[in-house]
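Reader: Thanks for sitting down with me. Could you take me through this structure and tell me what stands behind each label you use?

Author: Gladly; ask about any term as we go.

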Amino acid sequence: MFKKIIVLSVALSLVLTGCWDRQELNDQAIILGWGMDLLEDGRYLATANLVLPLASKSGGQQGGEQGGRSGFMTESAYGKNNRDAEQNMQRKLSRVLFPGHRRNIFIGEKLAEQGVFSILDEYGRSPMVRPRANIFVVRKGTAQEAMSLAYQLETNPAVAVQKIQEKSGAPISRSLLDFFISANGTGCGIMPALTILPPEVKIDKKSKNDSPPQTTLGLYGAAVFNGQLKLAGYLKYDEFWVRLWITNLLAFRTFTTIINAVDEDKPGGAAEDALSGASRGKTVTVSVDTFKSDITPIFTGDLPRFRILLKGKGYIEENNSPLNLSKPANVKKVEARMNQYLEKEIQKVVTKVQKDFKCDIFGLGDTIHRRHPYRWKKLSADWNTIFPDLDLDITVKLDLTGTGLTGESLLPTREGGDK
Amino acid sequence: MKINNRQLFWMIMMLEIGINLLITMTATIQSAKQDSWISYILAGVMGLIITYVAARLSSRYPRQTLIEYSVVILGKWAGKLIVIPFFLQWFWVMGLILRDEFLFIRLSVLYKTPAWVIIGTMIGVVFYTMYHGGIEAIGRVSELWGPILMVILVLTFGLTANNLNWPMLLPVYADTGLWSIVEGALAPVSLLGEAVLLMMLFPFVEHPGKETRKALLLALAFSTILLLFGVLWVIMTFGPEVSGRLQFPFFEMVKLVYLMEFIQNMDIFVMAVWLVSIFVKLSIYMFITSYGFAQWTGKTRSWKKIIWGVAPVTFILTMLVITLNPPSGLLLKSVWIRYVLPVNMVAIPLFLLAVSSIKAKVKHQK
């Protein structure tokens with residue numbers, strides 16, 4: 001009997017070696033990024049960002065073109081959807097496509113405008129893929145354009161966008177999951193948006209070793225999707241933090257306003273100046289790293305109103321204003337001006353969302369749902385028509401806890417300055 | 001073959017947690033939404049009552065298994081007939097958990113490996129353990145792996161805590177209502193109620209008695225608490241809508257672990273431990289089926305020979321389930337909750353307990 005079992009276990013150990021699922025590393029084409037575009041004729045174009053094994057081994061970290069080879073390659077194929085395109089792509093590849101590390105998904109603007117219902121399912125269904133992934137809309141471009149760009153700091157541009165996103169103050173690499181959750185909530189989705197950024201000023205290369213700024217991929221802000229999951233519009237880089245703050249997701253951000261004179265209320269240096277985009281002026285920058293938001297729905301009339309109290313803690317990082325920051329009263333002045341400026345800024349963005357996108361990306365509906373579930377039952381059906389006309393009372397309360405390494409500036413007191 | 005109370009505690013823990021984490025959550029969240037945690041508390045309480053009734057019944061016959069004392073209570077024919085639903089249940093459980101194990105493994109790790117290899121190897125290991133160690137080996141395995149399972153689960157809860165968003169749990173009650181919550185509790189209670197198989201294990205405990213009952217109830221309470229944490233974590237991670245649509249929400253949650261860039265891909269640990277708990281569950285069922293069948297046919301001593309029959313039958317049954325591929329949500333609802341829960345877990349133990357105590361009273365009066 002015992003012998004039988006030994007024979008059995010030997011036989012089992014032979015089958016247990018996992019021959020069916022054996023997949024050597026050098027038989028795999030590891031996908032780091034995946035892009036989908038919609039073409040004019042209605043076909044989908046998929047682009048894959050693949051790791052080039054040799055390049056990443058030979059220490060080619062110094063970017064794009066070490067030894068004439070870049071650290072990544074892109075391959076593309078037409079298809080009816082994701083998996084179909086993947087199969088069509090496979091005919092060009094000597095290795096099996098392996099999507100287990102597919103952490104970044106790019107969506108072309110055209111496809112986003114037509115709606116992402118048609119392609120998003122696979123990202124949550126395929127068992128090979130992990131749920132923690134980033135999804136981006138490429139503003140004014142196709143996914144393929146964005147994915148083809150080499151990135152200097154990283155071997156692979158797909159890794160680069162993931163890292164850029166991590167440094168933006170938004171929740172780290174879970175935008176796909178958040179999209180699914182928010183689309184199931186009050187109906188609107190939101191994704192980070194990328195764009196191709198040419199250098200601000202073009203400088204020619206004078207010698208071989210010069211390295212002037214190049215056209216690169218950058219974060220544009222956030223793309224807002226409406227109830228049909230079609231692109232409704234974008235929040236820019238200096239706008240998208242508003243939504244993150246209101247929904248309690250913002251991690252860090254610096255804000256700059258203008259304070260031209262010692263007396264904060266003097267004309268010529270109001271909060272509006274900073275809003276108008278004036279590039280000149282005496283600026284103060286505050287770095288905030290603790291954010292809190294408190295949304296209170298109030299039911300008095302027909303429509304609910306909201307009191308939104310936004311709190312933050314930070315310190316002053318740059319002060320070009322005439323204020324002497326060694327005096328606590330002046331820090332209070334900065335606080336007051338900053339609160340004013342932020343309230344206006346936030347109000348501007350909120351109005352834009354209400355009027356242009358008509359989509360509740362601030363979780364206001366969710367707040368009613370959670371705090372007043374029975375009232376929500378009456379409101380939920382018409383929420384998208386109610387939302388644009390909601391009255392929001394926004395208050396910002398910053399708490400500045402420090403002024404950096406110096407109180408008074410190291411520069412001598414300037415004209416009109418405060419002793 | 002003897003096990004002690006502590007081993008019994010860990011056996012019941014392993015038995016309850018593994019499969020419950022995998023398959024009941026979706027069903028519960030679909031009906032009870034963000035109030036699923038209430039369903040789990042409710043399920044825990046009902047599970048405790050079911051276990052208590054079964055334990056009380058077994059305490060009256062501490063040296064006998066269900067198969068033996070049902071004959072004592074009801075007489076030869078009725079006693080033998082009334083345990084038939086249990087045999088059906090045991091075979092059914094073995095077939096289904098093997099099927100679920102196969103589905104899960106195929107989806108997560110081994111995409112191309114044929115079913116018979118995954119099923120066959122598992123049955124092979126279980127067979128070997130049962131043939132050589134019997135219930136004692138399983139007791140020791142549970143005692144060893146149970147704490148490891150706990151550590152891994154606690155670690156999982158800790159490492160996924162940064163994803164939690166507690167407002168997802170609101171509003172409480174308003175969206176669902178009593179009926180949905182009770183309906184949501186059915187799936188977990190029908191699995192927690194599996195603790196009734198203690199009626200087969202009771203006589204194997206060294207000193208069956210009060211301490212044994214305590215160990216059983218504690219095991220059930222602890223399992224409920226862990227499952228409660230599991231469902232709270234899942235809802236706070238994914239929200240009720242998304243988690244109600246995921247097939248294995250708990251494991252998707254584990255996949256989300258991402259801390260300091262280097263702590264990632266924890267799921268393989270959880271899966272390994274989960275497989276051990278499936279192994280324990282399967283072994284216990286294999287044992288009670290074989291032993292119970294041996295007692296039923298009156299050949300208790302040759303129960304090991306019966307494993308030679310039970311193992312292949314289980315294998316064939318599982319392959320049949322895999323081929324027919326009935327949806328597991330449907331099976332859980334239309335068979336397990338509709339028949340097994342009320343008949344095997346509630347009606348029969350209660351009935352036996354009632355008859356037994358009436359008999360005892362009548363005897364006493366005489």
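**A histidine and its surroundings**

Author: Let's begin with A:His369, a residue of helix H12 (residues 364-371) of chain A. Please keep in mind that this is a predicted model.

Reader: What is A:His369 in contact with, leaving aside its neighbours within four places in sequence?

Author: A:His369 is in contact with A:Trp376, B:Pro171 and B:Asp175.

Reader: What makes the pair A:His369 and B:Asp175 a polar contact?

Author: The side chains of these two residues are joined at 2.6 Å. The cut-off for a pair of N or O atoms is within 3.5 Å, and the pair A:His369 and B:Asp175 is therefore listed as a polar contact.

**Where the two chains meet**

Reader: How many residues does each chain give to the contact between chain B and chain A?

Author: Chain B gives 35 residues and chain A gives 30. The area buried between chain B and chain A is about 3100 Å², with 61% of it from carbon and sulfur atoms.

Reader: Why quote an area at all?

Author: Because the size of an interface is often given as the accessible area lost when the parts come together.

Reader: What polar links are there between chain B and chain A?

Author: There are 6 residue pairs in polar contact, counting pairs with both residues at pLDDT 80 or more. The elements that each supply at least two residues to the side of chain B touching chain A are helix H6 (115-132), helix H10 (210-243) and helix H11 (249-255) of chain B. The largest share, 6 residues, comes from H6(B). By class, that side of chain B holds 20 nonpolar, 7 polar and 8 charged residues.

Reader: And how many salt bridges cross the interface of chain B and chain A?

Author: The rule finds 0 there. Over all chains of the whole structure, the search finds 18 salt bridges.

**Salt bridges within the chains**

Reader: What makes A:Glu122 and A:Arg83 a salt bridge?

Author: Their side chains meet at 3.0 Å, N to O. The limit is a nitrogen of Lys or Arg within 4 Å of a carboxyl oxygen of Asp or Glu, so A:Glu122 and A:Arg83 qualify. A:Glu122 is in helix H5 (residues 121-125) of chain A and A:Arg83 is in helix H3 (residues 82-90) of chain A, so the pair ties together parts that are 39 residues apart in sequence.

Reader: Why do A:Glu122 and A:Arg83 carry the accessibility labels they do?

Author: A:Glu122 has 9% relative accessibility, and because buried means under 20%, A:Glu122 counts as buried. A:Arg83 has 39%, which lies between the 20% and 50% limits, so A:Arg83 counts as partly exposed. Both residues belong to a network of salt bridges that links A:Arg83, A:Glu86, A:Arg102 and A:Glu122.

Reader: How do you know that A:Glu239 forms a salt bridge with A:Lys352?

Author: Their closest N and O atoms are 2.8 Å apart, and the limit is within 4 Å, so the pair is a salt bridge. It links distant parts of the chain: A:Glu239 is in the loop between S9 and helix H9 (240-246) of chain A, while A:Lys352 is in helix H11 (residues 328-357) of chain A, 113 residues apart. A:Glu239 has 9% relative accessibility and counts as buried.

Reader: What about B:Glu241 and B:Arg245: why is the pair still called a salt bridge at 3.7 Å?

Author: Because 3.7 Å is within 4 Å, B:Glu241 and B:Arg245 count as a salt bridge. B:Glu241 is partly exposed at 30%. B:Arg245 is at 60%, and exposed means over 50%, so B:Arg245 counts as exposed.

**The two domains of chain A**

Reader: Which domains does the assignment give for chain A?

Author: Domain 1 (26-55 + 63-237) and domain 2 (238-419). Between them they bury about 1700 Å², 68% of it on carbon and sulfur atoms. In domain 1 of chain A, A:Thr186, A:Leu235 and A:Tyr237 lose the most area to domain 2 of chain A, together 34% of what that side buries.

Definitions and conventions: Residues are numbered from 1 along each chain as its sequence is written. Chains are lettered from A and ligands numbered from 1 in the order in which they are written. This is a predicted model: local features need pLDDT of at least 70, side-chain atom pairs count only at pLDDT 80 or more; totals for chains, interfaces and linings use all residues. Side-chain values use heavy atoms; hydrogens and water are left out. Domain bounds come from an automatic or database domain assignment. Buried area is the accessible area (1.4 Å probe) that two parts lose on being put together, summed over both. Contact means heavy atoms within 4.5 Å. A polar contact is a pair of N or O atoms within 3.5 Å; within protein, one must be able to donate a hydrogen and the other to accept it, and residues adjacent in sequence count only if both atoms are side-chain atoms. Helices (H or I, at least four residues) and strands (E, at least two) are DSSP runs, numbered from the N terminus. Ala, Val, Leu, Ile, Met, Phe, Trp, Tyr, Cys and Pro count as nonpolar, Asp, Glu, Lys and Arg as charged, and the others, Gly among them, as polar. Buried means under 20% relative accessible area, exposed over 50%, partly exposed in between (1.4 Å probe, protein chains only).
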